[in-house]
Amino acid sequence: MKQRVILLVGILISTMSYAQFEISAGTGYAIGSAEMKLGTETTTTSVENTYGSYGEGVNFQLRGTYFFNEKVGLDLGVGYLNGADHTINKTTTPTVDVDAIARGRAFGATVAVAYKFTNNFYGRAGALLKIAGKTEAVVSSSTVFTKAESDAQGLPEGSYSETNYIEDYHGKFPLGFVGALGYKFPIDNNFSIYVEAEYYGISLKRKDSELQEFNTNIFAPNGTMVAESVYTLDNLPPGFVKKTNYVDELRNDNTDTSKKLSQKVPYSSFGINVGVTYKFKKAAKKQ
């Protein structure tokens, strides 16, 4: 037992005698990986699937790396994703026009092992966590009333409604994988510029969604507004609920429109990052 304690103390002293810490700040752009179906595009003649990953977009990162020896270290990072717009519903017909997009807005954290292949060439691999954020859907739609609907409202034929709303989707906290390979270009003894290729492997299981904005106006055929805010968040039309919960199972006779079956949405990506690293002075070796 005494020998084990002496050995452990020796390892700790050896580790602390090397102790090297550095921080990095950077940004990058990622394209989708392991893309899945996100929506459809519909015309009078066809329906086409749209694919993508909400991990596509611009990211910003701040990382700290502590090296225990000349090769191996622990890397901790936080980041923000400003995701690209993805079509989830594009419908173009004589009576219905829908333009709906969704995008990721997420904060994440990484815990990884860093390894130096050379003084400048490095890699890291570890766990990826989503700690906050949302998938934001922005929807705009217009629907031409039937003649019966127009007559019932005392409107000329060809009148239509226009609805705009924003809905935020939230997921359960997932665990994913992060891996990167990079190269540092030294500027001086402390600063360097890095370029790296990074992979994120992660998907989110939906937990709930909530309407943030909702408004419906009615227009005459010439585009003149004849009724404003017919429907709002406080007065939703049939078929809409303010908050939806996603579950793994529903009864066949379920009539609760606030519950839907859950699904996984993709956030995997492959990107290129650039940034700056500051290396603190290495701890002096003990004699």
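Student: Which strands each supply at least two residues of the lining of the largest pocket?

Tutor: The model in question is a predicted one. In it, at least two residues of the largest pocket's lining come from each of strand 1, strand 10 (175-186), strand 11 and strand 17.

Student: How much space lies in the largest pocket, and which residues are closest to its centre?

Tutor: The space in the largest pocket is about 360 Å³. Its lining is made of 21 residues, and the closest to the centre are E22, K116, N119, N120 and K279.

Student: How many residues of the largest pocket's lining are charged?

Tutor: The lining of the largest pocket divides by class. Four of its residues are nonpolar and eight are polar, while the charged ones number nine.

Student: How many cavities of 30 Å³ or more are there, and what volume has the largest?

Tutor: The count of cavities of 30 Å³ or more comes to three. For the largest cavity the volume is about 360 Å³.

Student: Which elements give two or more residues to the lining of the largest cavity?

Tutor: The largest cavity has 29 lining residues, with G79, L81, G108, L128 and Y200 nearest its centre. Two or more lining residues come from strand 4 (57-67), strand 5 (72-83), strand 7 (96-116), strand 8 (121-144), strand 11 (191-201) and strand 17 (269-279).

Student: How many residues in the lining of the largest cavity are nonpolar?

Tutor: Split by class, the largest cavity's lining has four charged residues and eleven polar ones. The nonpolar residues there number 14.

Student: Which elements give two or more residues to the lining of the second largest cavity?

Tutor: The second largest cavity holds about 90 Å³ of space. Its lining includes E22, R63, D75, R124 and K184. The elements that give two or more residues to this lining are strand 1 (20-32), strand 4, strand 7 and strand 8.

Student: How many charged residues are in the lining of the second largest cavity?

Tutor: This lining has four nonpolar and three polar residues. Its charged residues number five.

Student: Is N59 buried or exposed?

Tutor: N59 is a residue of strand 4. Its relative accessible area is 10%. Because that is under 20%, N59 counts as buried.

Student: Which residue's side chain is joined to that of N59 by a polar contact of 3.4 Å?

Tutor: Leaving out residues up to four places away in sequence, N59 touches G26, T27, G28, Y29, Y80, L81 and N273. The partner in the 3.4 Å polar contact between side chains is Q61.

Notes: Residues numbered from 1 in each chain as written. Predicted model: local features only at pLDDT ≥ 70, side-chain atom pairs only at ≥ 80, totals over all residues. Heavy atoms only, no water. 1 Å grid on protein atoms, 1.4 Å probe; cavity = no way out; pocket = protein on both sides within 12 Å on 5 of 7 lines; lining within 4 Å. Points joined across faces, edges and corners; volume = space filled by probe spheres on them. Helix = DSSP H or I, 4+ residues; strand = E, 2+ residues; numbered from the N terminus. Nonpolar A, V, L, I, M, F, W, Y, C, P; charged D, E, K, R; others polar. Buried < 20%, exposed > 50% of the residue type's maximum accessible area, 1.4 Å probe, protein only. Polar contact = N/O pair within 3.5 Å; in protein donor to acceptor, adjacent residues only side chain to side chain. Contact = heavy atoms within 4.5 Å.
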